[in-house]
Amino acid sequence: MGETKKNVQDGVIKAAGILVIANLLSSILGIVRDVIIYSVFDSGSYTDAYNASFTIPDTIYTILVGGGLSAAFIPVFSSYIAEKKYEDGYKMASSILNIVAIAAAILCIIGEIFTPQLLPLILDKSGSTWTPEVIELTITLTRIMFFQCFFMCLTGICMGILQSYKDFTPPSIGSVLYNVTIISVGVLLLTLGTGIAGFCIGVVTGAIVNMAVQIIPIYKHGFKYKKMIDFDHEGVKKFFKLFGPVVIGIAVTQLNLVVNRWFASGLDEGTLSNMTQAQRIFQLPINIFAYALAMSIFPTMVEHYATDQMDEYKKDLSLGIRNVSFIILPCAVGIISIREPLVRAVYYQGNFSEENIPILATLLAFYCIGMIGYSARQVVLQGFYAIKETKTPVAINIFILCLNMGLTTLFVRIWGANGIAIAYSTAGLCSITLQTVFLRRKIGPMRGSEIKNSILKCLFCCAVMFLVTTAASIVFEHNLSVESKKMQFLEVLILVAVGGASYFTMALFLKMEELTSVLAVMKRKFLHR
């Protein structure tokens with residue numbers, strides 16, 4: 001029994017490790033891509049058009065495939081694999097794949113035709129950015145992006161099949177190659193005079209490469225594709241029963257981002273680009289750590305709940321929240337403390353103006369306030385999905401959407417672009433609060449005292465880290481010049497090292513379980529090898 005638990009824990013750690021490394025590489029490459037774009041075009045009308053072109057295709061992908069996989073597809077398909085009902089599993093997965101392919105094709109064709117009519121839904125064209133020429137460019141770029149949307153929808157289902165087999169490597173490789181392809185094709189076409197449209201073509205090419213990477217491994221696992229759609233299949237019915245409420249919740253969450261972009265598009269030129277970049281950096285720790293931890297612990301929570309081991313399920317949930325908090329809180333506080341050196345080191349080059357550094361840095365700081373909310377909710381959502389409860393998160397998401405819209409309308413009048421970030425962060429903190437309260441009502445006490453004690457210790461460590469990092473930044477910039485790119489990166493590296501060392505030293509001093517357990521696993525692995 002103990003050996004089995006250890007194997008399960010090792011499997012979770014291995015899965016989380018693969019996802020963390022892949023997300024880290026993919027995120028770094030995503031930033032490299034953006035650095036190239038912004039060093040050529042700066043934050044202006046061209047980059048505003050580029051960022052706006054993602055909105056509608058990304059919304060279609062997120063609603064059709066994005067979050068529905070973990071909540072609906074993977075549990076159903078995984079059950080067929082676990083029970084060795086392979087033929088039923090192939091029929092179910094093939095039916096869903098074909099349905100998604102047809103739905104994506106229809107929506108993308110409609111999008112291609114009616115792009116000019118759809119743009120007012122996502123853009124406030126009263127902003128200074130949106131001249132007739134820029135609007136025409138946005139229409140062209142959006143139409144290119146619809147091709148990417150189709151391939152990404154198919155890729156999403158392929159990834160769900162592979163993750164059901166607990167094979168995380170091909171999806172991880174695909175996400176890295178996706179960004180490598182965008183950079184390569186974008187830079188190549190840029191030299192040929194295509195302008196920023198070259199990067200959109202790179203996005204489409206990257207989506208095709210990503211899909212190709214998933215296909216061969218699927219067949220190696222023995223998967224057999226069927227040319228069929230069977231709405232009466234038991235697995236398909238189960239999928240839609242779970243997927244219906246989830247897709248509403250996902251759509252509502254995605255609308256939050258659309259609302260943000262709409263308000264940003266009505267402000268000064270470059271605001272949409274700055275907001276997009278601030279969100280991208282803000283999302284890094286969430287995508288790298290929170291998403292990976294939540295996804296890796298989800299199958300274990302499902303297993304414990306299904307076998308009526310509620311105490312183990314609550315341990316999983318508590319451990320997930322505590323681990324996410326232990327990692328995300330210092331990330332948020334650290335980014336806030338080094339926001340200007342970070343923005344200067346990453347983006348200040350080429351045509352990116354020096355005046356834009358504090359603007360982007362301030363936006364980033366306000367977004368980071370809500371980072372713990374949007375991170376911890378990943379774990380709590382998996383807690384809901386593990387007990388097959390999807391309606392409550394939907395209701396909460398709808399309320400949060402309304403709250404975000406109301407706060408954004410109010411705050412943008414007071415603080416401009418910063419008000420958008422403040423409203424978004426406030427909505428995120430309210431979201432995790434409500435989700436925790438309502439999940440506790442469903443499952444009873446969820447080891448709240450150990451979660452609270454862990455978070456308080458994390459906050460104390462973060463406070464020490466903030467003071468140390470701020471002092472180090474003042475000393476560095478007072479004694480050394482940060483004019484060269486080498487010194488800018490050196491400053492960031494030193495500040496990250498100093499801040500990280502102070503945080504982990506305090507965590508060791510307080511004997512935090514989240515750190516000591518990880519060190520114990522690493523020690524066991526090292527000694528075993």
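In which helix is the place of Asn51?

Modeller: The model is a predicted one, and Asn51 has its place in helix α2, which covers residues 45-52. Asn51 is buried, because its relative accessibility is 2% and buried means under 20%. Its side chain is joined to that of Tyr38 by a polar contact of 2.9 Å.

A second pair consists of Tyr374 and Tyr424; it is stacked, because the ring centres are 4.6 Å apart and the planes are at 15°, and planes under 30 degrees apart count as stacked. Tyr374 belongs to helix α14 (residues 371-386) and Tyr424 to helix α16, so this pair ties together parts 50 residues apart in sequence. Tyr374 and Tyr424 are buried as well. The structure holds 22 aromatic pairs, and ring pairs also link a cluster of Phe73, Phe77, Tyr90, Tyr165, Phe223, Phe231, Phe239, Phe240 and Phe243.

Phe231 and Phe240 are also members of a nonpolar patch on the surface, whose accessible area is about 910 Å² in total. Helix α5 (residues 86-122) gives the most to this patch, with 7 residues. Ile109, one of the patch residues, is found in helix α5. This residue is exposed, because its relative accessible area is 51% and exposed means over 50%.

Two loop residues deserve a remark on their backbone. Most residues other than glycine have a negative phi. Lys84, however, has a positive phi of about 60° and is not a glycine. It is found in the loop between α4 (68-82) and α5, and it counts as exposed at 60% relative accessibility. Arg447 is likewise a residue other than glycine with a positive phi, near 60°. It lies in the loop between α16 (417-443) and α17 (448-479), and with a relative accessible area of 29% it is partly exposed.

Notes
Residues are numbered from 1 along each chain as its sequence is written. This is a predicted model: local features need pLDDT of at least 70, side-chain atom pairs count only at pLDDT 80 or more; totals for chains, interfaces and linings use all residues. Side-chain values use heavy atoms; hydrogens and water are left out. Helices (H or I, at least four residues) and strands (E, at least two) are DSSP runs, numbered from the N terminus. Buried means under 20% relative accessible area, exposed over 50%, partly exposed in between (1.4 Å probe, protein chains only). A polar contact is a pair of N or O atoms within 3.5 Å; within protein, one must be able to donate a hydrogen and the other to accept it, and residues adjacent in sequence count only if both atoms are side-chain atoms. Patches are made of residues with over 30% relative accessible area and no salt bridge: like charges are joined within 9 Å, nonpolar side chains (Val, Leu, Ile, Met, Phe, Trp, Tyr) within 5 Å. Accessible areas come from the Shrake-Rupley method with a 1.4 Å probe; for residues, only the protein chains shown count as cover. A salt bridge is a side-chain nitrogen of Lys or Arg within 4 Å of a carboxyl oxygen of Asp or Glu. Rings of Phe, Tyr and Trp (its six-membered ring) pair if their centres lie within 6.5 Å; planes under 30 degrees apart count as stacked, over 60 as edge-to-face and the rest as tilted.
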